[in-house]
Amino acid sequence: MGLKIVPIFIPHYGCPHACVFCNQTRITGQCSIPDPAAVNDIIEEYLQTIPVSRERQVEVAFYGGSFTALEPELQEAYLRVVQPWLRKGAVDGIRISTRPDAISSGILDLLANYGVRVIELGVQSLDVEVLRQSGRGYTPREVWNAVRLIQDRNYCLGIQLMLGLPGDTGEKDLATARQVVEMRPAIARLYPALVIKGTRLAQMYETGAYRPLGLEEAVNISADMFMMLENAGIKVIRMGLQPTHELMGGDSLLAGPFHPAYGELVESEVFWRQAQMAIMAYGCLPAESLCIFVNEKDVSKMTGLKGRNRQRLQEFLAGEVNIKGISSAGRNWVGIGRVKHREPQFILSREQFVNDLLKM
Ligand code: SF4
């Protein structure tokens, strides 16, 4: 059983900034912060939904705002609520999300005292101009300082990035991803910027001063970043915002590349690129005698949402395409063989694929 997260949302509270894209109330559909006493009930209720087992790992996560920008007393009040659960062994750790400029040695000492083990930094970009135009209020230098402080104390570091912000380009996103690789966080999240009602970005969009990325454009850039990060051993744990009720059915979303299965779209894009390279490396065969093999758990990513990759492969090979899932220990490889074969005759691993791409 993987890691289970008990999410506690603390929207916008404690944050004196006004990033152009942010209206936490609308994104989370919640407008008041939970009382520390109520956090206990949230944890209790959530734990009841997670089957007990030896492998169960549970973390309480304070998300949504900038946790370490809260008054220290309030931070401690929240963290204290989790302590009995940690002592009982029902919860294994705490994670928080915060801003890079709300990290200091004193804050990190406080978090360590209460069992925080993962710190996710909302970095968004490492381009000075993008940060400035997005109203983030810090520079890349402060991000590097926060990263060093966090890693010196052996916290597990997460980095959240946003692509398509004002002043951003695909090249800048890749340059940011390259720097993140140098930072060596354990985990990362990728979000395309969305235009949410009530934000400064919405005003910029309405006056024509900002153009959001199209869905295909965002997926392409995310795929490049995803490959770069994962190839460096950084686990990308989420791509795209959660499809909340507000985003799906409400009127909050004005524009931007939102898709409820955004991460799946990105991973399918990577499989499509990898399959093309594998086919070319194997040597083209007539489509009807060629078979694309993948791990049986990767068939939907290889086929693509609504069969998009199958269609692209059919156009690429000018004929019907066979995609076969087989049981195998490894994931993310693409194999090529003949339809009559049970196994691929040639395999292109994800690592090999990305390394070959980087050499081009
Ligand atoms: S720092 Fe975070 S919570 Fe504060 S305005 Fe920016 S995105 Fe919103």
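This is a predicted model: local features need pLDDT of at least 70, side-chain atom pairs count only at pLDDT 80 or more; totals for chains, interfaces and linings use all residues.
Local features need pLDDT of at least 70 and side-chain atom pairs pLDDT 80 or more, whereas totals for chains, interfaces and linings use all residues. Residues are numbered from 1 along each chain as its sequence is written, and side-chain values use heavy atoms, without hydrogens and water.

The largest nonpolar core holds 87 residues. Such a core is a set of buried Ala, Val, Leu, Ile, Met, Phe, Trp, Tyr and Cys residues joined through side-chain atoms within 4.5 Å; buried means under 20% relative accessible area (1.4 Å probe, protein chains only). Ile-43, Phe-62, Leu-111, Ile-119 and Ile-292 touch the most other members. Helix α11 (residues 262-282) gives the most to this core, with 10 residues; helices are DSSP runs of H or I, at least four residues, numbered from the N terminus. Domain 1 (3-260) and domain 2 (267-359) each provide at least three residues of the core, with bounds from an automatic or database domain assignment.

The second largest pocket has a volume of about 290 Å³. A pocket is an open set of points on a 1 Å grid over the protein atoms alone, where a 1.4 Å probe fits, with protein on both sides within 12 Å along at least five of seven lines; lining residues have an atom within 4 Å of a point. The volume is the space filled by probe spheres set on the points, which are joined across faces, edges and corners. Of 14 lining residues, Leu-215, Val-219, Leu-265, Leu-305 and Arg-308 are the closest to the pocket centre. Helix α9 gives the most to this lining, with 4 residues.

Definitions and conventions
Buried means under 20% relative accessible area, exposed over 50%, partly exposed in between (1.4 Å probe, protein chains only). Helices (H or I, at least four residues) and strands (E, at least two) are DSSP runs, numbered from the N terminus.
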